[in-house]
Amino acid sequence: MQTNLADFIRDTPEGREADAILRKCVHCGFCTATCPTYLLLGDENDGPRGRIYLMKQALEDAAITGHTRLHLDRCLTCRACETTCPSGVRYGRLLDIGRKLVEAKTARPLWERLKRRALAAVLARRSVFALLLALGRLARPLLPGAIARSVPRKAPDSGAWPAPRRARRMLVLAGCVQPGLAPRINAAAARVLDRMGVSLVEAKGAGCCGALRHHLNFQDDGLDDARALIDAWWPHVEAGVEAIVMTASGCGVMVKEYGELLEHDARYAAKAKRISELTKDASEILSVHRETLETLLDRSARNANRERGTRVAFHSPCTLQHGQQIHGVVEQLLGAAGYQLTAVPDAHLCCGSAGTYSILQPKLSRQLLANKVTALESGSPTVVATANIGCLAHIQTGTRLTVRHWVELLDEATGRVGEETAASTPD
Ligand code: SF4
Ligand code: SF4
């Protein structure tokens with residue numbers, strides 16, 4: 001694609017990056033076929049190729065209107081288009097640059113601005129979110145049906161978090177909303193890794209990874225969150241943690257990109273790069289240690305899973321399959337543990353959660369959720385599993401099946417043998 005970026009941005013780092021991305025796009029349109037919003041709305045401007053063209057116009061200083069912003073707002077940032085693109089166009093990065101520019105050059109209505117600010121303030125602060133969640137649960141019986149259903153029920157007991165007794169250590173991100181909604185996820189990951197001879201620890205003072213505010217287009221605030229998290233983690237990195245484990249793929253994709261997002265920050269560039277190198281999705285960690293894991297798989301639990309016919313429909317979050325390009329790894333781990341994976345049609349399509357998308361674009365989000373639940377339930381599973389807290393909470397609002405994190409299922413499958421082995425395993 002030929003470009004002619006405007007003077008105000010051409011020679012900036014963002015301008016050069018955007019120009020290089022735009023020039024890779026050959027306008028073939030393959031990406032539109034896998035874009036969830038294009039499939040729903042059928043409008044070229046609600047697909048990747050149209051949005052790329054809108055951003056090109058903005059970067060070339062053509063008039064930017066509320067319509068440009070609307071089409072960019074409707075993008076889920078699912079990055080299915082990146083997986084499909086044969087030319088390697090980094091659409092997600094272009095969208096960051098395009099959204100920042102369009103936000104600066106247009107004025108949102110006051111109500112929208114307030115809503116986005118409130119979401120950024122509440123969701124990215126663990127204690128504020130936990131407090132509001134507790135109040136919502138108290139008020140649940142008094143709320144109208146649809147609103148009451150959107151308030152997640154009290155999380156089941158997390159079980160014990162093993163003492164940090166191992167010489168081998170890994171960090172895990174607690175995150176912002178996950179501790180309030182599903183504290184059992186990290187506890188389950190800690191138990192599985194403890195049985196494998198690794199202590200999983202959360203760093204004191206570690207907060208949100210920044211993805212939430214970044215995707216609400218408060219990109220500078222998101223980078224401040226990233227810097228704060230790097231500061232909280234750094235003493236553990238210097239102390240020699242082997243890896244930083246992500247149990248939420250939405251956070252994982254963000255932290256893996258710290259190195260790139262902070263490459264022009266002289267103070268943080270080197271640290272950010274190191275943090276990104278250390279960061280792994282929990283499925284990557286467990287698949288590397290697959291042999292150890294298999295020795296821990298309780299034969300009777302595995303057989304019981306098979307006999308009971310525990311049928312799992314796995315929803316691979318966009319941030320796992322498109323953002324991190326991790327394909328089939330969780331499915332293999334669950335299969336090794338005796339779970340039967342059911343077929344899920346159109347597994348590449350987003351469930352409609354997408355950070356705060358379900359709140360900011362409720363109509364489109366509900367349509368995507370309905371399609372996703374139909375696809376997940378089509379193989380008659382007994383449980384739905386996923387890898388990201390946002391997807392988990394969102395899908396749970398649309399199905400009677402229980403939605404769990406896959407690591408909880410592995411925790412159960414490694415439980416009995418794991419405890420016996422862990423008790424006899426030296427540090
Ligand atoms: S598939 Fe890639 S090259 Fe083709 S239009 Fe989409 S982004 Fe451009
Ligand atoms: S990120 Fe997802 S919603 Fe946005 S253009 Fe790409 S495929 Fe479509």
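Where does Glu 257 lie, and between which two helices? In this predicted model, Glu 257 is found in the loop that links helix H15 (249-256) with helix H16 (258-261).

**Glu 257 and its surroundings**
- Glu 257 has a relative accessible area of 23%, so it counts as partly exposed.
- Apart from neighbours within four places in sequence, Glu 257 is in contact with Arg 79 and Ser 276.
- Glu 277 is 20 residues away from Glu 257 along the chain, and their C-alpha atoms are 9.4 Å apart.

**The shell around ligand 2**
- Ligand 2 takes up the space of the second largest cavity.
- Around ligand 2 there are 13 residues, and those that come nearest are Cys 35, Cys 75, Cys 78, Arg 79 and Cys 81.
- Arg 79, one of these nearest residues, is also a contact of Glu 257.
- At least two shell residues come from each of helix H3 (36-41), helix H4 (48-59) and helix H6 (80-84).

**Cysteines**
- Cys 75, one of the residues nearest to ligand 2, has a relative accessibility of 7%, so it counts as buried.
- Cys 31 is buried because its relative accessible area is 12%, which is under the 20% cut-off.
- How many disulfides does the structure hold? The number is 0.
- As a reminder, a disulfide is a covalent bond that joins the sulfur atoms of two cysteines.

Definitions and conventions:
Residues are numbered from 1 along each chain as its sequence is written. Chains are lettered from A and ligands numbered from 1 in the order in which they are written. This is a predicted model: local features need pLDDT of at least 70, side-chain atom pairs count only at pLDDT 80 or more; totals for chains, interfaces and linings use all residues. Side-chain values use heavy atoms; hydrogens and water are left out. Helices (H or I, at least four residues) and strands (E, at least two) are DSSP runs, numbered from the N terminus. Buried means under 20% relative accessible area, exposed over 50%, partly exposed in between (1.4 Å probe, protein chains only). Contact means heavy atoms within 4.5 Å. A disulfide is a pair of cysteine sulfur atoms within 2.5 Å. A residue is near a molecule or strand if one of its heavy atoms lies within 4 Å of it. On a 1 Å grid over the protein atoms alone, a cavity is a set of points where a 1.4 Å probe fits but cannot get out, and a pocket is an open set with protein on both sides within 12 Å along at least five of seven lines; lining residues have an atom within 4 Å of a point. A molecule sits in a cavity or pocket if more than half of its atoms lie within 2 Å of its grid points.
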